[in-house]
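Trainee: I would like to learn how to read individual features in a model like this one. Could we go through it step by step?

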Amino acid sequence: GLSKHPASTVQILGAEKALFRALKTKKQTPKYGLIYHASLVGQAAPKLKGKVSRVLAAKLALCIRVDALGDQTEPTVAVDSKRYVEKRIEQLGDETSKGAGRSFAKPQTQKYTPGKTSFKSGGNGYDASADSVKVKKEEEKKRKEKEENARKLAEQKAKKELEARTPPEQYYKTFKSDEFAEIDAEGLPVTDKEGKPVSKATKEKAKKFLVKHKETYDKWVASQANGAQ
């Protein structure tokens, strides 16, 4: 039961939907579930509620295991845990109040000027060579992508042109030989690659395709004739 759960699970019990939603959207996970309504968490400052919830969940997990598996009849562990959490809340409150009293001077920054590589802080300066390497890699990547796209377009154009100048009766022999073992004189498939006769639907589909391809082939022949003139 509950004694098998770790403190982190005890801390967010009741906020499962918010947890899964945060994991799915890659956002910040919830800090607490039903434990938020505990009086010890409620009396903590808003900035400390997450830390107090984590401490309280750790002690609750310990108390749950003692209650489920231990032989004690007196709530000694629970009392000690409550005192520890109250003490921890006081410590966190003191640390917060001390931190609030500190004054942090805003560090002086020097305005960036192109070509200037030294700063008052004593650093080694800004290394622009790292940016140039990064830019070169990006340019090289874009160049390779552009060349790859151009190569694919050229292959598609060459294939399209080869198909256009192929006579209809030779189309299936040229481009579909891996699918059909036998092609008749009209260019229609007779048997598939396993030697079985093709279905009537397949033959009708091939016939319609060749009729459409003949239009493309005739246009190509006409363009070659016009070019020769």
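This is a predicted model: local features need pLDDT of at least 70, side-chain atom pairs count only at pLDDT 80 or more; totals for chains, interfaces and linings use all residues.

Trainee: Where is Thr 166 found?

Mentor: Thr 166 sits in the loop that runs between helix H6 (128-164) and helix H7 (168-175).

Trainee: Is Thr 166 buried or exposed?

Mentor: The cut-off for buried is under 20% relative accessible area. Thr 166 has 7% relative accessibility, so Thr 166 counts as buried.

Trainee: Which residues is Thr 166 in contact with, leaving aside its neighbours within four places in sequence?

Mentor: Thr 166 is in contact with Tyr 171, Thr 174, Phe 175, His 213 and Tyr 217. Two of these names return when we turn to the rings.

Trainee: How should I read a pair of aromatic rings?

Mentor: Two values describe such a pair: the distance of the centres and the angle of the planes. A search of the whole structure gives 6 aromatic pairs. One of them joins Tyr 171 and Phe 175, with 4.9 Å centre to centre and 40° between the planes, and is classed as tilted.

Trainee: How many residues apart are Tyr 171 and Phe 175?

Mentor: The general idea concerns the helix: an α-helix has 3.6 residues a turn, so residues three or four places apart point the same way. In this case Tyr 171 and Phe 175 are 4 residues apart in helix H7, about one turn of the helix. Their accessibility should be read residue by residue. Tyr 171 is buried because its relative accessible area is 6%, whereas Phe 175 is partly exposed at 21% relative accessibility.

Trainee: What other ring does Tyr 171 pair with?

Mentor: Tyr 171 also forms a tilted pair with Phe 209, at 5.0 Å centre to centre and 55° between the planes. This pair links distant parts of the chain, since Tyr 171 belongs to helix H7 and Phe 209 to helix H8 (residues 200-228), 38 residues apart. Phe 209 has a relative accessible area of 34% and is therefore partly exposed. Ring pairs also define a cluster, made up of Tyr 171, Tyr 172, Phe 175, Phe 180 and Phe 209.

Trainee: Which residues does Glu 163 touch, not counting those up to four places away in sequence?

Mentor: Glu 163, in helix H6, touches Tyr 171, Phe 175 and His 213. Glu 163 is partly exposed, with a relative accessible area of 22%.

Trainee: How do I read a strand pairing, and in what sense do E1 and E2 pair?

Mentor: Look at the direction of the strands and then at the bridges. Strand E1 (residues 180-183) pairs with strand E2 (residues 189-192) in the antiparallel sense, over 3 bridges. Glu 182 has Thr 191 in E2 as its bridge partner. The two strands form a hairpin with 5 residues between them. Gly 187, in the turn, has a positive phi of about 90°.

Trainee: What should I make of a positive phi elsewhere?

Mentor: Most residues other than glycine have a negative phi. Lys 26 is not a glycine, yet has a positive phi of about 60°. Lys 26 lies in the loop between helix H2 (16-25) and helix H3 (39-42), and at 78% relative accessibility it counts as exposed.

Trainee: How many residues does helix H4 have, and how far does it reach?

Mentor: Helix H4 (residues 49-69) has 21 residues and reaches 30 Å from its first C-alpha to its last, close to the 30 Å expected at 1.5 Å a residue. Its buried residues include Val 52, Val 55, Leu 56 and Cys 63.

Trainee: How many helices and strands does the chain have?

Mentor: The chain has 8 helices and 2 strands, in the order α-α-α-α-α-α-α-β-β-α from the N terminus on. Buried residues are 18% of the 229 residues. The accessible surface comes to about 18200 Å², and carbon and sulfur atoms account for 54% of it.

Notes:
Residues are numbered from 1 along each chain as its sequence is written. Side-chain values use heavy atoms; hydrogens and water are left out. Buried means under 20% relative accessible area, exposed over 50%, partly exposed in between (1.4 Å probe, protein chains only). Accessible areas come from the Shrake-Rupley method with a 1.4 Å probe; for residues, only the protein chains shown count as cover. Contact means heavy atoms within 4.5 Å. Two strands pair if DSSP finds at least two bridges between them. The expected span of a helix is 1.5 Å times one less than its number of residues. Rings of Phe, Tyr and Trp (its six-membered ring) pair if their centres lie within 6.5 Å; planes under 30 degrees apart count as stacked, over 60 as edge-to-face and the rest as tilted.
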